Structures are given as C-alpha cells and as structure tokens.
Amino acid sequence: MPSSTVICHSLADVRHDINSLLADHFKHQHVQAADMHADYASLWEAIARQHDAGGKRMRPYLCVLAYQALDGDDYQALLPIAAGLELLHFAMLVHDDIIDRDLVRHGQPNISGIYKERYRKLVAAPEEQVHFANSSAILAGDLLLSDAYQLMAGSSFPADQRLQVIKLLGEAIYAVSGGELLDTEASLHDPTYVDSLKVAEFKTAVYSCSIPLVIGGVLAGADTETQLELRHIGKCVGIAFQLADDLLGVFGSSQQTGKTTIGDLREGRRTYLLQRTLHLASPTEVATLHGIVGQAGISQAQADMARAIMIACGAKAEVEQLMKDYVSSAEVAINGLDISETSKKSLLAFVQKAVWRTS
C-alpha cells in the first residue's frame, strides 16, 4: 500500500494555488496581447474577469487527489498540469454559454455578456451585438484550449509522461465535444431520442472527473488496472454530478448555479430528469409540459408548474436515487484502491461534496 507520508493538499490549498498560477498566466498573456493591440488585451481582461468571478477548481483538485493518493510527491510540478485542466473547463464553459445563449455566469456577465455591452456602443442591432459578442467569446474559448496544451507541455515532468498527459487532454476534448453536440442536437428530436446518461458521461464525466483522475494517476506511476479503476470512479462521480446539475438547473437557485433556473426548461434540454418526467407523468401533465418546455417566453409560474409535475410523478425522486447508486459504485471502487486510508477519506469526502454540494 502507498505510504501516508505524502502531503495531502486540501481543496482550499489547490484552489488558492491554481488561482494564483492562472492569475499570473493571464497577466502574462495580457501583456503579450497588449503588444499586438489594446483591443486584444481587452479580451484577456474579460477572460481574467470571468475566471475571478468564481469556480470550485474541482478538476485540478481531483488530479491532485489521485496523484498524491498514489504517492506522487512533486506538487509544484503538477500545478501547471492541474491548471491546464481548469483552462479546459473554462473553455467549455465559455462555449457552453454561447450554445445555451446565456450572458451570465457566477452572477456576473460572462465573456459574451461583457462583449455584448462593449458592442452595444458600436452596433445598433441587438442581434448583431450578440453575434459579435459570441464571436469574441468563441475566440476566448479557443485561446483557453490552446493555453491548456501549453501549460501541460511546459511542465517539468519527463517527456514521455507529458506526452501521455497531452494525449489524455485530447481524449477529454474529443469526448466533451461529442457530448456537447449530442446535447445540443437533442432538442431537435423527440425527448425519447437521446440517451441522456450517455450525454452526461461524455459531456461531463470524462473531462471533469475521469481524465483528471487518470492524469494524476499516470504522473504518479499508476498501473493499467489502477487507471481503469480511476476511470470508473470518474465516470460514476461525473454522471452523478451532471444529474445533480440537472436538478439544480430546475430546482436550484441562481445563487447556487450562477445562472437562471429557467434556462434548462426554456431551452428544452433533454435531461434524464425531463425524460423520466415525460415517462412517468399522466397524459394531461405531459400535455402541460409540452406547452412549457422549450418555450422562449416561459414565465416563473409556468416553471413552478413544471417543477410540481416533476415532483408529483416521482421523476425527481428517481433521479436522486440514481445519483445515490452512482455514488455507491464510486465509493466501492475507492475503497478497493491500494491507497492509504487518509487518501480514501479525502476521495470519499470529495465525492460527497461534488455530488451533494455539501460544505
């Protein structure tokens, strides 16, 4: 069994260190951009502003947890790679907000929102303001993906390990892009068409949980069997996390999500929650939902009606039970890892915090 002598950094430690590293990185990029043009520097100011607005830094922490659980002992060398995972997530959020037509993140204007205000002074037509704003946000997301590669490639790990990490980053981008496409196109089909759990796996679980855990394991020298176990843990936690997000997207508050809680209903997102609701609800309730879900002008009263149906038919409770099942599977796998009890406790505590949003 790995020793318990390796320092286990807390989520607060990792969040602080990742924030500091990325703050310095954004300052450097801002200076470089300013040499090209002040308007390019403004884009990096918007990027830094959204990054500073919030975020749990869950993905870097998962990477650190796996690395240190398996006796990885060079935390400072790991930080740029962990920060690269955060930039991947940041890029996905920027692009996801464009797809979802959201202008707010963490209770503040996101990059699209910042640039919509900027272009309001330059462009008369509102739809053109949004077009130009989203164009800038797309470029910001592209820059963040590029910088994720740069940070990982520039780390001090041996070249063969860096190559493995970069390949895993590519795997993550490939999976999340496919999951995002399936999720985006799902609204064009009947709600029963899409496999919402598969979307949750590829859109969220792979890049948010499985790949961070595997990267930490690879850099600590984990064998193939252990890497497969880490993937399984990540899949279970990631799907449960996405199911929790889907619940918060309807039943949460804007303080919890940083976004409107009508957005998922307005967009008609084909979540597992919605699919189970349409399966379990009565014909009358289903007809009511069809008049609400996917409607651009949905009111708060209509959203409350949809929520009531989701509770009454048992769909909300079913989703919560499925979350518990995935959490249980992850916990069994964690307890089966050949790591210290301290590391097991840290991983188990993370699962509870990530899925149930405990303090």
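This is a predicted model: local features need pLDDT of at least 70, side-chain atom pairs count only at pLDDT 80 or more; totals for chains, interfaces and linings use all residues.
1. Helix α7 (residues 159-186) and helix α8 (residues 196-219) have axes that come within 7 Å and cross at roughly 170 degrees. Since angles over 145 degrees count as roughly antiparallel, that crossing makes α7 roughly antiparallel to α8.

2. On the α7 side, the residues that meet α8 include Leu168, Ala172, Val176 and Glu180, while among their partners in α8 are Phe202, Val206, Tyr207 and Ile211. The residues of this contact of α7 with α8 divide into 15 nonpolar, three polar and four charged.

3. Helix α4 (75-100) also packs against α7, at an angle of about 15 degrees and with the two axes 12 Å apart; α4 and α7 are therefore roughly parallel to each other. The crossing in which α4 passes α7 is right-handed.

4. From α4, Ile81, Leu88, Met92, Asp96 and Ile99 meet a set of α7 residues that includes Val165, Ala172, Val176, Glu180 and Thr184. The residues of the contact of α4 with α7 divide into nine nonpolar, one polar and two charged.

5. The second largest pocket holds about 220 Å³ of space, and its lining includes Ile99, Asp100, Arg101, Glu180, Asp183 and Thr184, together with Arg269 and Arg270. The elements that give two or more residues to this lining are α4 and α7, and α7 gives the most, with three residues.

6. Which classes of residue make up the lining of the second largest pocket? The lining residues divide into one nonpolar, four polar and seven charged. Glu180 of α7 belongs to this lining, and Glu180 also takes part in the contacts with α8 and with α4.

Key:
Residues are numbered from 1 along each chain as its sequence is written. Side-chain values use heavy atoms; hydrogens and water are left out. Axes are lines fitted to C-alpha atoms, for helices over the stretch in contact, and angles run from 0 to 180 degrees between N-to-C directions. Helices (H or I, at least four residues) and strands (E, at least two) are DSSP runs, numbered from the N terminus. Angles under 35 degrees count as roughly parallel, over 145 as roughly antiparallel, 65 to 115 as roughly perpendicular and the rest as oblique. Contact means heavy atoms within 4.5 Å. Ala, Val, Leu, Ile, Met, Phe, Trp, Tyr, Cys and Pro count as nonpolar, Asp, Glu, Lys and Arg as charged, and the others, Gly among them, as polar. On a 1 Å grid over the protein atoms alone, a cavity is a set of points where a 1.4 Å probe fits but cannot get out, and a pocket is an open set with protein on both sides within 12 Å along at least five of seven lines; lining residues have an atom within 4 Å of a point. Grid points are joined across faces, edges and corners, and a volume is the space filled by probe spheres set on the points. A crossing is left-handed if the near helix is turned anticlockwise from the far one by less than a right angle, and right-handed if clockwise.
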